[in-house]
Every structure is written in structure tokens, then in C-alpha cells.
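Please keep the sequence and the structure in view while reading.

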Amino acid sequence: MLANSRDGYVYGPGLWVTHDGGWAWQRISEVAGISAFYVASMVTAGSSVYALVSNWDTGASGVGGRGGHTRLVRAPVGSEDFTVLDDFGPHSYLSQPLVASGSTVYVLEPAGLVRVQGTALTTQTLPPGCPGQLAASSPTNLLFVCGEAAGQGSFGTREVYGSTNSGNTWTRLNNPGQGYGYDPDGVAAASEGHAVIGTVSGGGSGLLVTTDYARTWAVRLGFNDAATGFTDLAFQSASQAVVVHDPQYALEAQYGTSPGPIPVPSPATLWMSSDAAVSWHRVTFG
């Protein structure tokens, strides 16, 4: 994650920083006084960098951070002097990534939606009835996607809500449909009414796309891939979007482990769209 041409951050579970454009990287041993830590999410907003940090605690799950103590921390870009802005208490683990637009950051937590502007925090309510995933197309325009669990092999419901006032009020939008399955796998929103929802099930992974302010939705990229899913789904502008398909394969390749027994089409690939996520093409390197 690059904050500018000189300052960058690599995290998960540890934290590395550069202040010379990536020529040299330093591993940080302490964040806001926590010496054994797990960075779950990090964003830059304005002149600050924010992170969700937990104590390192594998516990019964075997995953660092779970069962730990989650805090929202902040530091000026270019500095490692992090301070705690909010403490979510022991045995807390916030699994949803931080969302940033302009100088505003949003945190999804059990009590609601936390809006962060500099060091000021306010908490808004979320649409009732379900957990979900959040995207922001501007500091005030939000898209919230949630659903009820599928039961007895049938698809549940997927609901979409929009807010134009930073989550003070929400409007129910048209249901986007099943896509490739109930389970959400990322959401991204851009200006001019463009948005993408990642969907996944045991059979495959696909992207639901709208270009008309959620009036209509359609699957625009799909794979019969045994639920390998996506990561880094994002709009880089109102028309350009990117997504990584099959992130687990990329990790396996990086660490030299064997891929799973089920062959996956186009494993560990980067896809890009230049027409607001309507059509996608695979990006090749070399």
C-alpha cells in the first residue's frame, strides 16, 4: 500500500514500511505499544495512515489476532508513531477491512459503523438484521451489502443499502440477486452509480455489477472454480476497476506449497476493466 511516492506499507500479519519509494524496507517491531501484534487491515486517508491491530494470539483457531484485543490506531504518513484512537476490547476481532475515501475512514464493528475524521470518531447505525460489507464512492456516499445465511441448501437473500450522508440514514436499493452464491466476497463502489459485489459458493466465483445506481445488476465475470474467490476488488476511477482471482493460489505459489486437488481456471490472475466493470480482461506480465 503506497501513501505517496515515498511512503509505503506492507502488512499482514506483521508490518513493514518504506520511506524512500521502496528501495529499502524496515520491519516494525511495535505498534502503539503492542510488541506482539497482528495487523488485520490498513488504509491511508489524507495525511494519516490507519490500521486495525490485535495482540498476536493464535488460540484454538490457529489464526493470529483471533481472541486478541483489537484497536484502531493512527499515525501521520511517514511516521511509525502510532496512537490508539479506539479500543474494541478483549476477545474482539474485526474481520472487515477499513474503508477510506478522501480523509474519512469507516470501521465496521459490532455496535455499528464508526466514522473517523482525523482523530474524531462518531458511531452510526447500520441497516438492521444482518452483518455485511461496506464500500465508499466518496467520503459521504456509502454502499452496504448484507444477507441472511443460506439454509438447507437454498440461497438466502442479499440486500443492498445506500447512504448519501455518511451513514446517518440508509435507503434500501434493489436486490442484486444471487450471482455465483450467497457468500459475499468483497464490494467496491465508484462515482456515477458504478458498483461491484464479489459472490462465491461451492461451485464458483463471480462478480455482480451495476452501472445505473443499483437499479439493475448482472454477472460480468464468473469462474467455475470451486469457490476460490477474489481479493483486492477496487475501483481506481469511475471507469477502471481491478480484482485478483484465486488469491490462495498466489500464496501457495509464493511459499512453494502445492495447489489444491481441484484444477482452477486462470489461477492467481489479475483482471482489469476499463468500462466500469462491464467487461474484464486478464492482465499478463512479461
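Phe144 is buried because its relative accessibility is 0%, where buried means under 20% relative accessible area, exposed over 50% and partly exposed in between (1.4 Å probe, protein chains only). The model is predicted: local features need pLDDT of at least 70 and side-chain atom pairs count only at pLDDT 80 or more, whereas totals for chains, interfaces and linings use all residues. Residues are numbered from 1 along each chain as its sequence is written, and side-chain values use heavy atoms, with hydrogens and water left out.

**Aromatic pairs**

- The structure contains three aromatic pairs; rings of Phe, Tyr and Trp (its six-membered ring) pair if their centres lie within 6.5 Å, and planes under 30 degrees apart count as stacked, over 60 as edge-to-face and the rest as tilted.
- One of them is the tilted pair of Phe144 and Trp170, with 6.0 Å centre to centre and 55° between the planes.
- This pair links distant parts of the chain, 26 residues apart: Phe144 belongs to strand S13 (residues 142-148), and Trp170 to the loop between strand S14 (157-163) and strand S15 (171-172).
- Trp170 is also buried, at a relative accessible area of 18%.
- Phe223 and Trp271 form an edge-to-face pair, 5.5 Å centre to centre with 65° between the planes.
- Because Phe223 lies in strand S19 and Trp271 in strand S22 (residues 269-273), the pair ties together parts 48 residues apart in sequence.
- Phe223 counts as buried at 7% relative accessibility, and Trp271 counts as buried at 12%.
- Phe223, Phe230 and Trp271 make up one aromatic cluster.

**The sheet that contains S19**

- Four strands form an open sheet in the order S16-S17-S18-S19, with antiparallel pairing; two strands pair if DSSP finds at least two bridges between them.
- The edge strands, each pairing on one side only, are S16 (183-190) and S19 (218-223).
- From one strand to the next, the twist averages 20°, with axes taken as lines fitted to C-alpha atoms and angles running from 0 to 180 degrees between N-to-C directions.
- Strand S18 (residues 205-210) pairs with S19 in the antiparallel sense over five bridges.
- Phe223 in S19 has Ser205 standing opposite.

- Strands S1 (residues 8-11) and S2 (residues 15-18) pair in the antiparallel sense over four bridges.
- Gly8 stands opposite Thr18 in S2.
- Three residues lie between the two strands of this hairpin, in which Gly12 takes a positive phi near 100°.

**Surroundings of Gln124**

- Gln124 is found in strand S11 (residues 120-124) and counts as buried, at 11% relative accessibility.
- The side chains of Gln124 and Asn168 make a polar contact of 3.3 Å; such a contact is a pair of N or O atoms within 3.5 Å, and within protein one must be able to donate a hydrogen and the other to accept it, while residues adjacent in sequence count only if both atoms are side-chain atoms.
- Beyond its neighbours within four places in sequence, Gln124 is in contact (heavy atoms within 4.5 Å) with residues including Gly112, Arg115 and Ser166.

**The protein as a whole**

- The protein has one helix and 23 strands; helices (H or I, at least four residues) and strands (E, at least two) are DSSP runs, numbered from the N terminus.
- Of its 286 residues, 44% count as buried.
- Among contacts in the protein with a separation of 6 or more, 42% are between residues 24 or more positions apart.
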